[in-house]
Each structure stands twice: as C-alpha cells, then as structure tokens.
Amino acid sequence: ATFLNIVDNTAPVITCPADTTVSCDADSSPAGTGEATATDDCGGEVTVAFSDVVTGDGCVDTIVRTWTATDECGNASTCEQVITVVDDEAPELEMPDVLEGDITCSDISLQDAEGFANGTLSQAERQAFLQAARMLFMQNNLVPLGTSDNCNDSYWEEVDIDVTLSEDCSMLAQLICTFAAIDSCGNTSDEVATLLNIVDNTAPVITCPDDVTVSCDADSSPAGTGEATATDDCGGE
C-alpha cells in the first residue's frame, strides 16, 4: 500500500487594507481604516490580528500596522498597512459676543491716534500708544476668550493694531485689533478683529473770567473785562 498524507504547510493568503491618511481626530483603528482579510487553501479557520508601531511628533504621525493571518496549523503570513495621521485643521478663536465698543479722548489721546495713523510718532511714542491701546481692548473685554483645537494645544495672539481716522464726531477714529489662533502644529485660524471707536461726547471745560466792577465809562466788552477760556479733551477747535 502507498499513502498520501495531506499536510497543511502553506500560510494563508493575507490582503491588507490600503494605506490611508486620516485627520488626527478621526478613527485610526481598523474600524476606521479597514481590516485585513485572509483565505487558506485548506479552508480552516484563519485568525487575523494586528500590531502597531507609531512614530511622529503629534502633527504628523505614522502608524505601521502589521497584520498577521494564522491558520489552524500555525502557518502565518503578514502584510503591512501604513496609516498617516495629520493635524492639518486650524484652531478656532473663542470671541466675546460683542466685538465693538466706544472710548473717549480721555481714554486715549486722539492726537496720538492721528500720529499713529499718519506715521509721525517716534518709535517710543508708537510703542506707548500700542501699549495703551492693548490695555483698552483688554479693559473693554474685546480680546479672545480662548481658543479650541481638534487635536493639539493652541493659543491666540494679536496680529495687528491699526487706526483709521474720521472727521465725524460720532467716531473721530477707530482702533482695530486683529487676532488669530495658532496651534502647536502651526495651523492658523482666520483672523478676527475687534473695534474701539473714539467718540467725542464730552463738553469742553470752560473757565469764565472773574466777576468785575467797572465804571460806566469803562470798556465792559470782553476786551476790557476778560474772556473765557476753554479746553477740550479731544484737542479740537
């Protein structure tokens, strides 16, 4: 008699899911990126498992997922799937409900605002004006409340402060402060501006000349009895 022994020494045929790129807040598990499949020539049960090796900096991470298919006789085969995880989404600014407010010439010098807009301030004067403006935006709650990001740390920063001038007493000048949110991967949000309007709603301070007694033939006009003086916080005529 002769014998033919049927043996299983052939590993299963394994097929990996395709390489893929996902966002850092997406599902990078097999449920989100696909599962390997396997077939065996002997038709028995095949066990499919995986292990991950992760490298990267939190902004771009690489998951090398090694899939292993093992049949009932211990034959095994492997394949690799590469999953790239990226943080490419910009953070968001959390802004106050009101983005605009009014200040007066007593809060900040209109002359300095005009000099800033016209570029006539010295470097020291310019820095002093910017510091005063920053304080006013903070005091009027016109700065971001915070930031939010889908994956990494983020923060906000002042991008620019600008001044536009007007001859309208309802708004002599407008201070514009622009902000942006930035995450630790360098993604930057759209810019958002808050506004401070310099308005003149304060009457001048007037000082009368002293009361006086004059002879009936003396000059009782202001030339002879004195003239009132006045100052205005906005410094205009």
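**Cysteines and a pocket**

Cys 185 counts as partly exposed, with 22% relative accessibility. Here are the cut-offs: buried is under 20% relative accessible area, exposed is over 50%, and partly exposed is in between, using a 1.4 Å probe and protein chains only.

A word on the model. It is predicted: local features need pLDDT of at least 70, side-chain atom pairs count only at pLDDT 80 or more, and totals for chains, interfaces and linings use all residues. Residues are numbered from 1 along each chain as its sequence is written, and side-chain values use heavy atoms, with hydrogens and water left out.

Back to the cysteines. A disulfide is a covalent bond between the sulfur atoms of two cysteines. Here, a pair of cysteine sulfur atoms within 2.5 Å counts as one. How many disulfides does this rule give? The count is four.

Start with Cys 16 and Cys 79. Their disulfide has an S to S distance of 1.9 Å. The torsion about that S-S bond is about 95°, so the link is right-handed. Where do the two ends sit? Cys 16 is in the loop between strand 1 (13-15) and strand 2 (20-23), while Cys 79 is in strand 6 (residues 76-86), so the pair ties together parts 63 residues apart in sequence. Cys 79 is buried, at 15% relative accessibility.

Next, Cys 24 and Cys 151. Their sulfur atoms are 1.8 Å apart, in a disulfide. Its S-S torsion is about 100°, so this link is right-handed. Cys 24 lies in the loop between strand 2 and helix 1 (30-33), and Cys 151 in the loop between strand 9 (146-148) and strand 10 (154-168), so the pair ties together parts 127 residues apart in sequence. Cys 24 is partly exposed at 22%. Cys 151 is partly exposed at 29%.

Now Cys 59 and Cys 185. This disulfide has its sulfur atoms 2.0 Å apart. Right-handed or left-handed? With -95° about the S-S bond, the link is left-handed. Cys 59 sits in the loop between strand 4 (47-56) and strand 5 (60-70), and Cys 185 in the loop between strand 11 (171-183) and strand 12 (192-199), so parts 126 residues apart in sequence are tied together. Cys 59 is buried, at 16%.

Count the bonded cysteines along the chain, and the pattern is 1-4, 2-6, 3-7, 5-8.

Cys 177 is buried, at 2% relative accessibility. Cys 216 is exposed, at 83%.

Last topic: the pocket. On a 1 Å grid over the protein atoms alone, a pocket is an open set of points where a 1.4 Å probe fits, with protein on both sides within 12 Å along at least five of seven lines; lining residues have an atom within 4 Å of a point. Points join across faces, edges and corners, and volume is the space filled by probe spheres set on them.

The largest pocket holds about 280 Å³. It has 14 lining residues, and Asp 200, Asp 232, Cys 234, Gly 236 and Glu 237 lie nearest its centre. Helix 2 (110-118), strand 10 and strand 14 (229-231) each give two or more residues to the lining. Strand 10 gives the largest share, three residues.

Terms used. Helix = DSSP H or I, 4+ residues; strand = E, 2+ residues; numbered from the N terminus.
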